[in-house]
Amino acid sequence: MDHTAHEPEKQPHGTASWGTAVKATLHCLTGCALGEILGMVIGTALGWDNVPTMVLAIGLAFLFGYSFTLFAVLRAGLGLRAAIRVALAADTVSIAVMELVDNAIIALTPGAMDAHLSDGLFWSALLGGFAVAFLITAPVNKWMIGRGLGHAVVHAHH
């Protein structure tokens, strides 16, 4: 079995490739998007006000984002306590930046917070927010990985 496919790219200290940053950001975006969409759908379907819907969506985005990393490092053999520490170290800044940007775009898009699930405005604001959040979070992840932070801590356990 070839184990080199799972090894991180070898980079001099202080640098990280854009490919590595994009992969880390896509990993984060996937968890955030699943959690946030689920939270927005639940809150909107239940007729909740904007604030509780956003709180639920952000909470689920963090939960899903952390869980993707948590399950990966648990599969790699880490104990639960160590896996939780790795997930928190790997994902907290990335998820926080992504959620801040995405939710700011949704909140600042006129009518988006009051749009229903069947409205194109709801989905365009949500997906547009994810796209902008990705573009802002990828350089943050590149900077962090280049310093051995963020998703760099996960690579030691793959």
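Reply: Happy to; here is a close look at helix 3. This is a predicted model, where local features need pLDDT of at least 70, side-chain atom pairs count only at pLDDT 80 or more, and totals for chains, interfaces and linings use all residues. Residues are numbered from 1 along each chain as its sequence is written, and side-chain values use heavy atoms, with hydrogens and water left out.

Helix 3 covers residues 80-108, 29 residues in total; helices here are DSSP runs of H or I with at least four residues, numbered from the N terminus. From first C-alpha to last it reaches 39 Å, close to the 42 Å expected at 1.5 Å a residue, the expected span being 1.5 Å times one less than the number of residues. A kink of about 45° is centred on Asp-91, the bend being the angle between axes fitted to the seven residues ending there and the seven starting there.

Beyond four places in sequence, Ile-106 touches Glu-36, Met-40, Ala-112, Met-113, Ala-125 and Leu-126, contact meaning heavy atoms within 4.5 Å. Asn-103, also in helix 3, counts as buried because its relative accessibility is 5%, buried being under 20% relative accessible area with a 1.4 Å probe and protein chains only. Leaving aside neighbours within four places, Asn-103 contacts Glu-36, Met-40, Met-54 and Ile-58.

Note on methods:
Helix = DSSP H or I, 4+ residues; strand = E, 2+ residues; numbered from the N terminus. Buried < 20%, exposed > 50% of the residue type's maximum accessible area, 1.4 Å probe, protein only.
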